[in-house]
Amino acid sequence: MTDMPISTAPKRSLFAADARTVRRNRAERRFRAYGMAAVGVGILALIVLLVSILGNGLSSFRQTYVSFPIELTAERVDPDGNRDPGEMARVTTFGYLPLLAAAFEAHLDAEGIETDMGVRELAAMLSEEAPAQIRGMVLANPDLVGQTIDAQILMGGRIDGFFKGRVTMESAERDSNVTPAQLELAQILADRGAVETRFNWDFITAPDASGSRPEAAGLGVAIIGSFYMMLVVLVLALPIGVAASIYLEEFAPKNRLTDLIEVNISNLAAVPSIVFGILGLAVFINFMEFNQSSPLVGGLVLTLMTLPTIIIATRASLRAVPPSIRQAALGLGASKTQSIFHHVLPLAAPGILTGTIIGLAQALGETAPLLLIGMVAFVREYPDLMSVHSNSFPLMGDGATALPVQVYSWTQRSDPAFVERASGAIIVLLVFLLCMNLIAILLRRRFERRW
Amino acid sequence: MSMEDAIMNDMTQIDQGVAVDELKMQARNVDVFYGAGGGTRSAEDMAADKAITHAIKHVDVDIADKTVTSFIGPSGCGKSTFLRVLNRMNDTIDGCRMTGDVTLEGENIYDPKVDPVQLRAKVGMVFQKPNPFPKSIFDNVAYGPRIHGLARNKADLAEIVEKSLRRAAIWDEVKDRLDAPGTGLSGGQQQRLCIARAVATSPEVLLMDEPCSALDPIATAQVEELIDDLRSRFSVVIVTHSMQQAARVSQKTAFFHLGELVEFDDTDKIFTNPSDPRTESYITGRIG
């Protein structure tokens, strides 16, 4: 009886899978299919996102211009006749508008293009920004007065949309801002080679423009604002975050207080970002009276928001350094600080960098807290991070806006051309994020290759 | 002649005429507790507390200069813990408390005036698992001299590095690739590199915590040979699971069991004529 086999199952061949194995294999195949389906859905979502954003936004990097000669008559642009830019600045854009309209009409006449539109209707084909463009050129170079210049004039948003396929003859019928006649004329001009659609540097460098002139709106101020904020976040959050993590991870005694701090840091990472906006509004603007909408305040708020992310990432990468390295250093007579700075920190650096850049990327895309501290303002002036001419608090920076906030405010505007602009701004934002991730990868490689 | 024979030969040579040198370190009435938290409770108080692990119980050990002392005993008997008492590595463990006196050349190393960092430069340590820094071989060895300011200039440092690597019997293998990462060496080479690193700070005592447990027999033989060599300059304390190893390399052997020091005597005597029945059972394989 002691030789009884444990199982009384009948002997079976290895070639025939039993029911249990078949079931198990099926479950395994099923699970793999779920995984592939999940990845497929993710990739599909990404493709849809990219296609829609690129489809909508790429056209904002191209802009339609019409070129014709303009005579800058002295009595119009320089009534005093002394070529002094200060005096000439008294002539506003309204002074340039008739000049421009007349030149456009004259150009059509010279080209022999017949049209029954009046001057006003013709001028409406050009951007409202065009007179300002010419005025800027004249003020920058007073020698132009009296000359006839061959200028590339920004065309109106609807005309631009017509060449990009957004506006059609049918939609123009129902549109109070453009008439089919204007579009036909634009087409004739284009056929004669007077209209050019070229790369739009102004989209990247120019400041925002008002709601009625989407063709002139650019991201210049937003990019500078975002850049300054990233600078503030990097300068503040990286050292504070790394120092805090090193202390908590390596030096702090394990007691109830440090447990409490730890839990709170994890909680802070999950606090909705708008709460940080309210905090920034209350502390930095109302209490400390820093300038509203300045990139410095934005940077401070984003620093608070990014700190938990950096601390958590840094602590994780410090913890991942094998304790044997610390012991080796201590065993050689290194002090705790030496063992951390000579051995642990360099090993943890790639992780810390990745965490920091993820935190920065998160901060770069953050909108809600910035709305609360007034960074949604319409800003035409290029800001300084530290400005001496600010009113309340010296060195506190001019007002600015930020990329995601610019996207937000453009989507609020009624002109459909801003949809294109907003998508274009998202592309710029994504390019920024890609660049940051690329830097993270490169730095990682560099640091890892050193050992 | 096989490696084994070579070692046995070496052994016999060394064993002849071993005179016990002067006293290097002395431990008196050492108790170690884990999970004791901070505070200044007395040893009796902590020993009575069931929540506290009493890892080392009233251990007295004398470590002689220029001698290899081995600690043997079953797993968890406290031999590694006691080893770490000797260079205050236990200080880095949370909740670990130690009572009793340990002196290095008559100076109490647990005196509040003593900086453990300075102590560890004098009492070097080699760990169970080879743990070279992820830096070049040169930087690994140069690290200790650098932080202790032992080299006046670069040439000096290079000399210390070479001397240490030679002493650790690894110079010939690595002299052409000092810039290669230390982590790229084989396990045995890594352990010898770690020994070179420990030797480079010119310690007076070298503690080794199972230095061969992660190595193959050939690398083990090399390290054992090295330990024997080191004896001419340092006092070496080695923790080992292998009784054969203790018999091969050491002149003094301490047998630990359940946190107590059961027997401490000349290695020959421990392995041939132990006075305690527990020692006898352990070395004959009946307990452990």
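This is a predicted model: local features need pLDDT of at least 70, side-chain atom pairs count only at pLDDT 80 or more; totals for chains, interfaces and linings use all residues.
A residue counts as buried here if 20 or more other C-beta atoms lie within 10 Å of its own.

**View 1. Helix H7 of chain A, a largely enclosed helix.** This helix covers residues 157-164, and seven of its eight residues are buried, so the rest of the structure largely encloses it. Which residues of H7(A) are the buried ones? They are Gly157(A), Arg158(A), Ile159(A), Asp160(A), Gly161(A), Phe162(A) and Phe163(A). Look just after H7(A) and you will find Gly165(A), which has a positive phi of about 85 degrees.

**View 2. Helices H15 and H16 of chain A, crossing each other.** The two axes come within 9 Å and cross at roughly 155 degrees. Angles over 145 degrees count as roughly antiparallel, and H15(A) and H16(A) are therefore roughly antiparallel to each other. Their crossing is right-handed. On the H15(A) side, look for Ile325(A), Arg326(A), Ala329(A) and Leu330(A); they meet Gln338(A), Ser339(A), His342(A), His343(A), Val344(A) and Leu347(A) of H16(A). Sorted by class, this contact holds five nonpolar, four polar and one charged residues.

**View 3. Where chain A touches chain B.** Here 15 residues of chain A are in contact with 22 residues of chain B. Two helices from the previous view return: H15 (323-331) and H16 (336-364) of chain A each supply at least two residues of the side that touches chain B. Which element gives the largest share of that side? H15(A) does, with six residues. In all, the chain A side divides into seven nonpolar, seven polar and one charged residues.

Conventions. Residues are numbered from 1 along each chain as its sequence is written. Chains are lettered from A and ligands numbered from 1 in the order in which they are written. Two residues are in contact if their C-beta atoms, placed from the backbone, lie within 7 Å. Helices (H or I, at least four residues) and strands (E, at least two) are DSSP runs, numbered from the N terminus. Ala, Val, Leu, Ile, Met, Phe, Trp, Tyr, Cys and Pro count as nonpolar, Asp, Glu, Lys and Arg as charged, and the others, Gly among them, as polar. Axes are lines fitted to C-alpha atoms, for helices over the stretch in contact, and angles run from 0 to 180 degrees between N-to-C directions. Angles under 35 degrees count as roughly parallel, over 145 as roughly antiparallel, 65 to 115 as roughly perpendicular and the rest as oblique. A crossing is left-handed if the near helix is turned anticlockwise from the far one by less than a right angle, and right-handed if clockwise. A residue is buried if 20 or more other C-beta atoms lie within 10 Å of its own, exposed if 12 or fewer, and partly exposed in between; C-beta atoms are placed from the backbone.
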